[in-house]
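Dear colleague,

Please find below the structure that I am handing over to you, together with its sequence.

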Amino acid sequence: MPKARDYHLTEEELQVVETAMRRDPRPAVRQRCTAIRLLHLGYKPEEIAEMQAVSIPTVYSWIKRFRKGGVEELATKPRSGRPAKANEEYEQMVAEVVEKEPEELGYAFTVWTIDRLRAHLAKETGIELSEPRFRALLKAKGYRYRRPKYDLSHLQDKEAKSKADEILEELKKRSSETISTSSLWTKPR
């Protein structure tokens with residue numbers, strides 16, 4: 001039969017764990033300290049895994065990490081991954097280009113779309129971002145993309161518009177007079 005493991009903490013360790021449970025700003029550290037305290041109180045790793053909704057090996061890993069380096073060892077470490085394509089220079093160029101009208105840069109269109117902006121920046125920087133990543137970058141920088149509302153009032157004939165408005169008002173008056181003078185009630189057949 002395998003020897004039972006000892007999960008009891010010293011008074012000092014228990015104090016550190018309980019303080020971290022209450023005050024540590026990192027939720028993962030608070031959860032892991034709670035599990036370690038439960039081990040100290042006599043709960044089995046299987047019970048703690050069930051309570052914390054994690055696997056049993058995870059609970060064993062937490063106590064091993066705590067024994068190795070204390071509360072700081074319980075913090076989630078940065079993970080490796082592909083470095084971001086968009087560097088500071090790219091982000092600065094995004095801010096500059098968004099503030100300019102496309103016509104200023106020699107384009108025939110008057111409104112930036114996500115695809116047009118991405119294409120322009122790819123041409124200028126050589127960095128191609130996916131649409132979701134580009135949208136996330138814009139959002140992080142505080143930009144919101146909204147479709148423009150088209151206004152054709154500058155193309156309308158002002159005299160014809162005012163004449164049409166007068167006729168419309170006259171028709172509204174006539175229809176309201178007709179409704180008020182006629183009977184709104186009818187007899188059922």
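**Aromatic pairs**

The structure, which is a predicted model, holds 3 aromatic pairs. Rings of Phe, Tyr and Trp (for Trp, its six-membered ring) are paired if their centres lie within 6.5 Å; planes under 30 degrees apart count as stacked, over 60 as edge-to-face and the rest as tilted. Tyr107 and Phe109 have ring centres 5.0 Å apart and planes at 25°, so this pair is stacked. Phe109 also pairs with Trp112, in an edge-to-face arrangement with 5.8 Å from centre to centre and 70° between the planes. Tyr107, Phe109 and Trp112 together form one aromatic cluster.

Phe109 and Trp112 are both buried, whereas Tyr107 is partly exposed, with a relative accessible area of 22%. Here buried means under 20% relative accessible area, exposed over 50%, and partly exposed in between, with a 1.4 Å probe and protein chains only.

As to the basis of these values, residues are numbered from 1 along each chain as its sequence is written, and side-chain values use heavy atoms, with hydrogens and water left out. Because the model is predicted, local features need pLDDT of at least 70 and side-chain atom pairs count only at pLDDT 80 or more, while totals for chains, interfaces and linings use all residues.

His120 lies in helix α6; helices (H or I, at least four residues) are DSSP runs, numbered from the N terminus. His120 is buried, with a relative accessible area of 6%. Not counting residues up to four places away in sequence, His120 touches Val97, Leu105, Tyr107 and Trp112, where contact means heavy atoms within 4.5 Å.

Trp112 is also one of the residues nearest the centre of the largest pocket, the others being Val98, Arg144, Tyr145 and Arg146. The lining has 17 residues in total. Helices α5 (88-99) and α6 (114-125) are the elements that give two or more residues to that lining. By class, the lining has 9 nonpolar, 2 polar and 6 charged residues; Ala, Val, Leu, Ile, Met, Phe, Trp, Tyr, Cys and Pro count as nonpolar, Asp, Glu, Lys and Arg as charged, and the others, Gly among them, as polar. A pocket is an open set of points on a 1 Å grid over the protein atoms alone, where a 1.4 Å probe fits, with protein on both sides within 12 Å along at least five of seven lines; lining residues have an atom within 4 Å of a point.

Which residues of helix α3 (residues 45-52) are buried? They are Pro45, Ile48, Ala49 and Gln52. These residues lie on the same side of α3, because they cover an arc of only 100° around the axis, taken from the directions from the helix axis to the C-beta atoms. Helices α2 (27-40) and α4 (56-69) are among what covers them.

Helix α2 includes His40, which is buried, with a relative accessible area of 15%. Leaving aside neighbours within four places in sequence, His40 is in contact with Tyr7, His8, Leu9 and Leu14.

Ala53, in the loop between α3 and α4, has a positive phi of about 60° although it is not a glycine. Most residues other than glycine have a negative phi. Ala53 is exposed, with a relative accessible area of 68%.

Yours sincerely
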